[in-house]
Structure formats: structure tokens, C-alpha cells
Amino acid sequence: MYFDAASTAPLHPVARQALTAALDEGWADPARLYRSGRQARMLLDAARETVAAVLGTRADEISFTASGTQAVQLGLLGALAGNRRRGGHFVHSAVEHSSVLHVADRHESAGGEVSVAPVDRGGRADPAAFAALLRPDTALAALQSANHEVGTVQPVGEVAALCAGAGVPLLVDAAQSAGRADVPAGWSLLTASAHKWGGPPGVGVLAVRKGVRYASPLPADEREGGRVPGYVNVPAIVAAAASLRAVRAEAERENARLHALVERIRTRVPRLVPEVEVVGDPVRRLPHIVTFSCLYVDGEVLLTELDRAGFAVSSGSSCTSSTLTPSHVLAAMGVLTEGNVRVSLPYGTAEADVERFLTVLPDLVAGVRAPLGLDLPAPKPTAIGAAPRAEGRAGAESEERQATDGGGSAGARSVGAGSERPEASGRVTVIDALGKRCPLPVIELAKRIGEVPPGGTVVVLADDEAARLDIPAWCGMRGQEYAGEAPAAEYGGDRGSAYLVVRRTT
């Protein structure tokens, strides 16, 4: 069962049919005047008209790129260059796609200024807070239509109106919502990616409204309005346009069906699996995405076990990213960054597949947690007649990864009363988790919190960046008090930080 449509959707049947036909009819150079070239140009123009109609823009405002990432990068760089006389200030939300963040880093390194709008715990930007960052020298603002990790829908319409009032162009990354929902009016630039809606990979969309100042950051080229150099892939563009029209036509019915299935997951997972938090806005969200975080779980181990059980899902956990850094989206939201599972249902997902996922998930999570020795409630019994759990080494592999990752189980030592730290009350327990990757510091914290009386302090020494995010998140989930951060040297550490937790509950 493929539950990772937010990464890439399966090729839509209409896209497959259109691609096959266009390979025969649209292979020639659409810039040429001979018959096969004119035929390819007619197909390209028709595809452009189709995409423009669905996205609510003019055909001559649409340019096709090689990917959604390229569309975002060209859109941002071109708008920043086009508005450089206004200033060099760029504003974006804290949960934008990495393509936005990379452009922001490049812009800042070149001497520009960047302001980042925060989000709430649901991952939603506040329009007033976003607008407060706009300045007379703000050249561009960027806000995604909906978040790619947690599905939260952003207040694009409100932010667009505020940006327009300030005379600031707004780029909207609509990769996750294009084809599923209309994007609110008011945007200046819009980007999308065909493989997100069931089109072929290798096709992105960049829309630039007439009147928006834009200067291509690349050498001049006569194709695609001068914004995107190089030869266009006419067959893939035709297939992308055909599938976009098809999914938009069936979106209302399918969105309602997927919304009900996602709501079932959102409701039942916390009941079936202990110590789980469903993240993202519970109301203002995409219909097909649900994300939850499991305490004390290595996300890569859990995803591997789900794959063995026949489910393809993804994770924002640091252990499953190529950079081994915590998800910037989850970090900005202030929620647990480890043990994160994103389920994103493609069109046509069967109810029985969702039920089977809910059946196997509790046992898989329990198997990953089993070697930890934590006192956790047992999952509810599997329903009679439900699909059996897939065979695997959930427990053994979890023990191998979580207990030996970085050199073994985190050691701990106790320090008697008399600490000069004002946060401590009574006995202080210091846990040395230096050199250990999350979730190990959090696991050791959970094991040792009972060693101090209520009001006492546990200090976790850690040098994994994820600990700075996950220890406060653990406190919020377990009713404990996060008392802040101090230099590790104050508690005998030679590197990293000391994270102070005051015990409030039993």
C-alpha cells in the first residue's frame, strides 16, 4: 500500500494515456514551422491553456520548468532580481519547502536580508505576524499554500491581501494543493509540480502575473517567456496538463472520501498506540495528509517495519533525512521531531487498506519499543480476522539501532542535593547522553525521571541538536516542566548542552 503521495503521486491513468499519445504526436521541436513542429506547438499551447485554466491565470503567464524545485528557485531569484531597486529584504514562513530555504540562504550570503515568520503549534502562520515583518525595502515574500510535512493549509488569501497593501509581491508554492483545491487569489507568482498531482516527474510550473517585476537569473533564452532556458519536454507537459484537469474534475468527491479516511487515522492512532501525538492543524488541513509522532521510537526503524508490512510511508525525522538534521518544519512547530510518520493517501486509496494499516501499526510500534524497558500501556488487542502482523525483526533491530547507536546505552550518574542551580529542588540526577543520537537522550530521560521526587530536577547532557527540540516536546507530552538549557560544563560535560527537566507528575 503506497501511502506517500505527498512525496510523489502514482502516475494517473489519464497521464499515462496522454503521454503515450504525445510521444507519437508531439516529439518535434515546437519552435519550428514545419508540420510536425507546428503539431507539437499546438499540443504545448493547449497544455498551457489547460494548466492556466485550472490554476486561475492566463496562459501567457505560465512557464514550464524541469521540476517544482526549479520553479520555486527561478521564481524567487527572478522576483528578487526584478525588485532589487525596492530593496534586498525577503520574508518567508518558517515551514517553507527546502527549495525556499536554500534560496534564502543564498540571498543572505550575497548581502540580502531575510526575515522568517513563525508558525503556531499547528504549523500555521499568523497573517498579522507575517505582515509585521514587511518593510519598505521588502522585495519579496513567500508562503506555501499548504505544508508538505503536516498538511496544514496556510492563510494565503489573508497574507496576499496584506502583502498587496504593502506593495510586496507574494510567491505561493502550491505544490501540495495544486489539483486538489483552488489557490486563493492575490498571489504574484505561483509554483507547482506535476508529479504531486499524478503527472509525470520532470515538469514544474511557474506562473508570473502580468505586471510583476521579474528578471531572469539565468542567461537569456527565447523559450518559455524567457524565464526557463532549454528545450521543453512536450509529451511530459501534455501528460501533466491532462492529469491536472482530470484530478481537478474529481477532486471534490475524492477529497471528501480521503478526508474521512484521514480523520479515521487521526482519531484512532492515539487510541491504539500509547505516547503518540498527532501534529498539524486539525481543521485547516489538506484532506489526504496526516502526521503523528511516536515517543521513544527511531523513525527509520519504524518505517522499515511498516515497509515490511507492506506500507510505504515517509518521515520528517532527522534519521530519515539525507542531512541527519531535525525537520525544520517540526522544529518550528515545537513538536517532537523523532519517531515521526507522515501518511499521505493517493487518489483511490481503499478503506480496507487504511483499516489494515491501523491494525498492524500498534504491534509494530510496540515491537520497536519493546527492548527499551519503559513502562508503557499495551496496545489494544488486534481485531479477530484482521491481517496478521508482517514478520520481521522489529524488536531486535530496534534494540540494535537504539541501544547501540553512538556507542551504547546512555550512561547516567547522580549528583546529591546542594546544586546551586535555582531550577533544582532536592536531588538532582544528571544523565550523560553525550555522543548519543535522539531518541536515546529522551529514552534515558523517561527511564530516570522517577529517580527524583516531585520538584526535583533531571539534567540531560546531550550534543545531538534534536535533543534541544525533543526534550521540551517530551515534557509537553508527559506533563513535566522544561526548565531551560545551560552549558554542559556546569554539570561535568565537556561539550554539548545541559537540558533541565523538573519533575511535576508521577
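This is a predicted model: local features need pLDDT of at least 70, side-chain atom pairs count only at pLDDT 80 or more; totals for chains, interfaces and linings use all residues.

Start with R121. R121 pairs with E277 in a salt bridge, and the closest N and O atoms sit 2.8 Å apart. R121 is partly exposed, at a relative accessible area of 42%. E277 is buried, at 16%, because the cut-off for buried is under 20%.

Second pair. R124 forms a salt bridge with E158, with 3.8 Å between the closest N and O atoms. R124 also comes from the loop between β3 and α5, and E158 belongs to helix α6 (residues 156-166), so this bridge ties together parts that are 34 residues apart in sequence. Which partner is buried? R124 counts as buried, with 14% relative accessibility. E158 counts as partly exposed, with 46%.

Third pair. E254 bridges to R253, and their closest N and O atoms are 3.5 Å apart. Look at the accessibility here. E254 is buried, at 4%. R253 is exposed, at 55%.

Some bridges share partners. R264, R268, E351 and E355 are joined that way into one network.

And the total? The structure holds 29 salt bridges. Among them are R121 with E277, R124 with E158 and E254 with R253.

Over to you for comments.

Definitions and conventions: Residues are numbered from 1 along each chain as its sequence is written. Side-chain values use heavy atoms; hydrogens and water are left out. A salt bridge is a side-chain nitrogen of Lys or Arg within 4 Å of a carboxyl oxygen of Asp or Glu. Buried means under 20% relative accessible area, exposed over 50%, partly exposed in between (1.4 Å probe, protein chains only). Helices (H or I, at least four residues) and strands (E, at least two) are DSSP runs, numbered from the N terminus.
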